[in-house]
Amino acid sequence: MQLTEAQVAELVELARSRGEQPDLSRRDLSKLGFYRADLSGVNFNQADLSGANFSRARLYQANLFDADLSGASLFGADLREVDLRRSNLFGAGLGKADLRGADLRGASLAGADVNHADLTGADLRGATYSRKTRWSVDFDPDQAGAVMRN
């Protein structure tokens with residue numbers, strides 16, 4: 001059963017009020033809107049976040065390990081120190097996102113728009129991308145450890 005944006009906000013607030021880490025792992029949150037939401041530290045491990053809108057959201061230190069973010073909008077999102085290992089970012093919009101210190105090892109960035117994203121200190125070893133992936137002109141994904149796949 002898919003949660004609504006209001007239910008997600010309620011679960012996150014309840015967990016935080018108890019001093020716990022909000023856990024939304026393995027949930028279907030596809031196509032939901034989280035514009036400017038504060039989801040820092042939330043566990044989205046293996047969640048379906050495909051097509052979701054995280055534009056300008058704060059996801060600082062969130063766990064997005066093995067999450068499906070295909071087609072998601074993360075424009076201008078705060079993704080500092082986020083765990084994106086093995087995540088599916090196929091066709092995701094990451095333009096102007098802050099990915100400083102993010103762990104993207106093994107992530108799929110095929111067709112993603114990473115133009116003007118801040119990747120300072122991000123770990124892209126083993127991440128894959130395609131010819132359609134858009135990078136900033138001054139960023140070399142191969143030098144960062146990413147691998148092009150067709």
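Which residues does Phe 44 touch, not counting those up to four places away in sequence? In this predicted model, the contacts of Phe 44 comprise Leu 24, Ser 25, Leu 29, Leu 39, Leu 49, Leu 59, Asn 63, Leu 64, Phe 65 and Ala 67. Phe 44 also belongs to the largest nonpolar core, a set of 45 residues in which Phe 44, Phe 54 and Leu 74 touch the most other members. In soluble globular proteins, nonpolar side chains tend to be buried together.

Helix α1 spans residues 5-17. Its 13 residues extend 18 Å from the first C-alpha to the last, close to the 18 Å expected at 1.5 Å a residue. Val 8, Val 12 and Ala 15 are the buried residues of α1. These residues lie on the same side of the helix, because they cover an arc of only 70° around the axis. An α-helix has 3.6 residues a turn, so residues three or four places apart point the same way. The face of α1 turned away from the buried side bears the exposed residues Ala 6, Glu 10, Glu 13 and Ser 17. Just after the helix, Gly 19 adopts a positive phi of about 75°.

Charged side chains form a further set of contacts, with a count of twelve salt bridges. Side chains of opposite charge can pair when their charged atoms come close. In the pair formed by Asp 78 and Arg 58, the closest N and O atoms are 3.6 Å apart. This pair links distant parts of the chain, 20 residues apart, with both Asp 78 and Arg 58 in the loop between α1 and β1. Asp 78 counts as buried because its relative accessibility is 14%, whereas Arg 58, at 35% relative accessibility, counts as partly exposed.

A salt bridge also joins Asp 98 to Arg 100, with the closest N and O atoms 2.6 Å apart. Here Asp 98 is buried, having a relative accessible area of 16%, while Arg 100 is partly exposed, with a relative accessible area of 37%. The side chains of Arg 134 and Asp 113 likewise meet in a salt bridge, at 3.3 Å from N to O. This pair connects distant parts of the chain, 21 residues apart: Arg 134 lies in the loop between β1 and β2 (147-148), and Asp 113 in the loop between α1 and β1. Arg 134 counts as partly exposed at 44% relative accessibility, and Asp 113 is partly exposed with a relative accessible area of 23%. Through salt bridges that share partners, Arg 58, Asp 78, Arg 80, Asp 98, Arg 100 and Asp 118 are joined into one network.

Two further buried residues were examined, Asp 83 and Thr 128. Asp 83 is located in the loop between α1 and β1. With a relative accessible area of 17%, Asp 83 falls under the 20% limit and is therefore buried. Apart from neighbours within four places in sequence, Asp 83 is in contact with Ala 62, Asn 63, Leu 64, Phe 65 and Asp 103. Among these, Asn 63, Leu 64 and Phe 65 are also touched by Phe 44.

Thr 128 lies in strand β1, which covers residues 128-129. Because its relative accessibility is 18%, Thr 128 counts as buried. Leaving aside neighbours within four places in sequence, the contacts of Thr 128 are Ala 107, Ser 108, Leu 109, Ala 110, Val 147 and Arg 149.

Terms used. Residues numbered from 1 in each chain as written. Predicted model: local features only at pLDDT ≥ 70, side-chain atom pairs only at ≥ 80, totals over all residues. Heavy atoms only, no water. Core = buried A, V, L, I, M, F, W, Y, C linked by side-chain atoms within 4.5 Å. Buried < 20%, exposed > 50% of the residue type's maximum accessible area, 1.4 Å probe, protein only. Contact = heavy atoms within 4.5 Å. Helix = DSSP H or I, 4+ residues; strand = E, 2+ residues; numbered from the N terminus. Expected span 1.5 Å × (residues − 1). Arc of directions from axis to C-beta. Salt bridge = Lys/Arg side-chain N within 4 Å of Asp/Glu carboxyl O.
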